[in-house]
Amino acid sequence: MSHANLFSRRALLAGTALTFAVTATQGLSGGALADEKVSKQSAKYQDHPKGQQRCEICVNFQPPNRCRFVQGDISPKGWCQFFAARDNAH
Ligand code: SF4
């Protein structure tokens, strides 16, 4: 093995250790939560209601336009397959 290969292998190992440390820290602080959101496509998100079901009456809705599960901005009038009505929803 040449010196160059040895060096890049060491750099790779160091990089892996660093990633582990960052991931562990995020896990403890809850910072990794944002990365666990799913894409609109996987959630089968649509920007219009499904019958009476819509984001603004969903337990996962975070006003004005965010969702606990779905990435990016969503519409209060949108809908996805993770819809769960709030207790007082109409
Ligand atoms: S319907 Fe889906 S996208 Fe809308 S708030 Fe609920 S979980 Fe999020």
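**Figure 1. The lining of the largest cavity by residue class.** In this predicted model, the lining of the largest cavity has eleven nonpolar residues, one polar residue and no charged residues. Ala, Val, Leu, Ile, Met, Phe, Trp, Tyr, Cys and Pro count as nonpolar; Asp, Glu, Lys and Arg count as charged; the others, Gly among them, count as polar. The lining residues are C55, C58, N60, F61, C67, F69, V70, I74, W79, C80, F82 and F83. The volume of this largest cavity is about 100 Å³. The structure holds one cavity of 30 Å³ or more. A cavity is a set of points, on a 1 Å grid over the protein atoms alone, where a 1.4 Å probe fits but cannot get out; lining residues have an atom within 4 Å of a point. Points are joined across faces, edges and corners, and a volume is the space filled by probe spheres set on the points.

**Figure 2. The ligand and its shell.** The ligand sits in the largest cavity, meaning that more than half of its atoms lie within 2 Å of the grid points. Around the ligand are Y45, C55, C58, N60, F61, C67, V70, C80, F82 and F83. Each has a heavy atom within 4 Å of the ligand. This shell divides into nine nonpolar residues, one polar residue and no charged residue.

**Figure 3. The chain as a whole.** The chain has one helix and two strands, in the order α-β-β along the sequence. Helices (H or I, at least four residues) and strands (E, at least two) are DSSP runs, numbered from the N terminus. Of the 90 residues, 19% are buried. Buried means under 20% relative accessible area, exposed over 50%, and partly exposed in between (1.4 Å probe, protein chains only). Of the contacts with a separation of 6 or more, 66% join residues 24 or more positions apart. A contact means heavy atoms within 4.5 Å. Residues are numbered from 1 along each chain as its sequence is written, and side-chain values use heavy atoms, with hydrogens and water left out. Local features need pLDDT of at least 70 and side-chain atom pairs count only at pLDDT 80 or more, while totals for chains, interfaces and linings use all residues.

Figure 4. A43 counts as buried because its relative accessibility is 0%. Leaving aside neighbours within four places in sequence, A43 is in contact with V38, V70, C80, Q81 and F82. A43 and F69 are 26 residues apart along the chain, with C-alpha atoms separated by 8.4 Å. K44 is exposed because its relative accessible area is 55%. Phi of K44 is positive, near 55°.

**Figure 5. The cis bond from P63 to P64.** This peptide bond is cis, with omega near 5°. P64 lies in the loop between β1 (61-62) and β2. Most residues other than glycine have a negative phi, and most peptide bonds are trans.

Figure 6. A85 is partly exposed because its relative accessible area is 43%. Not counting residues up to four places away in sequence, A85 touches I57 and V59. A85 and C55 are 30 residues apart in sequence and 8.7 Å apart in space, C-alpha to C-alpha. A89 counts as partly exposed because its relative accessibility is 26%. A89 and I57 are 32 residues apart in sequence and 5.5 Å apart in space, C-alpha to C-alpha.

Terms used: 1 Å grid on protein atoms, 1.4 Å probe; cavity = no way out; pocket = protein on both sides within 12 Å on 5 of 7 lines; lining within 4 Å.
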